[in-house]
Amino acid sequence: MTASRRCSCMGRKRKRHTDPVYNRGRASHPPCKRGRGNKPGWVGQTAIMLKGQLHIHTTYSDGELTPQEAADAYARLGYDFIAITDHDHLLKPSYGDAIALVRSPLLIFRGIELTVHCRKGYVHVSRIEGDKEVLYIFNHPADVDVGLKDCIRLIGEVAKQYPIDAVEISNHGFYTPEMDIEEIAYPKVAADDSHNLLGCGRGWIEVDAPRDRDEIIRAVKAGRFTNCFAGDKARRNDAKESKIRIA
Ligand SMILES: [Zn+2]
């Protein structure tokens, strides 16, 4: 078996099946989604895939968990890294200090979800800081109430203001196939956009990178990751059957 086949399911399946927090409300371990959204031809380089979450809200904006509680929740779910990305317009003082004070085995990224004004009102873009690298993600485009062509134009408009590196392919953790298309020419990442404990662990990425903030960001930019979803199975099946609409 080559390194490219080392989906973390193989490494963590036992834990996921037996972890009571992970399995709460779930009938079984959900399948990981490999391939779509990743860079074509990607072959894994490292022996271990890092499980990560790039979109989390805490009590420092409109979330219910403190940064420490969020880190603890994701640690129980077997994550390797998380990015805390509270809303810029709701941000409470000492946000950076609160993240720095988190004690966790996880690698923690400091981020912020920017409110970016555009001709359609506003959209959200996460800015996630490594040690030197910075990652910009256009968040939940499925939330933008426009046709797909307009949405693609909108991503292009925002990319003139911020150097967009990736686009979320999930809407609050659930797979959105209408966004998983070649016309959106960015690496596409799964994420939770979690605001409370129940929102944790619905969609995540597994990254082919060493355990280093900048290496992880570079791997995401290069598309060296797998998207995974634990969302409602019935809803996923419905989504599979939905038609892609090109307005
Ligand atoms: Zn958000």
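Reply: One definition first: two strands pair if DSSP finds at least two bridges between them. Note too that this is a predicted model.

Me: How many bridges join strand 5 to strand 6?

Reply: Strand 5 covers residues 121-129 and strand 6 covers residues 134-138. They form a hairpin with four residues between them. Within it, R127 stands opposite Y136.

Me: Which residue in strand 7 is the bridge partner of I137?

Reply: Strand 7 spans residues 166-168 and pairs with strand 6 in the parallel sense, over two bridges. The partner of I137 there is A166.

Me: What is the handedness of the β-α-β unit made by strand 6, helix 5 and strand 7?

Reply: Strand 6 and strand 7 are parallel. Helix 5, residues 148-159, belongs to the unit along with both strands. The unit is right-handed.

Me: Which residues have the most contacts inside the largest nonpolar core?

Reply: That core has 51 residues. V189 is in contact with L54, I137, A166 and V220, among others beyond four places in sequence. The residues with the most contacts inside the core are I82, V189, V207 and V220.

Me: Where does the pLDDT stay under 50, with 57 contacts beyond four places in sequence?

Reply: The chain's mean pLDDT is 80, and 74% of its residues reach 70 or more. Over residues 233-247 the pLDDT is below 50, with 22 contacts beyond near neighbours in sequence. The stretch with 57 such contacts is residues 1-43.

Terms used:
Residues numbered from 1 in each chain as written. Predicted model: local features only at pLDDT ≥ 70, side-chain atom pairs only at ≥ 80, totals over all residues. pLDDT = per-residue confidence, 0-100. Contact = placed C-beta atoms within 7 Å. Core = buried A, V, L, I, M, F, W, Y, C linked by C-beta atoms within 7 Å. Buried ≥ 20, exposed ≤ 12 C-beta atoms within 10 Å, placed from the backbone. Right-handed = clockwise from strand over helix to strand, strands pointing away.
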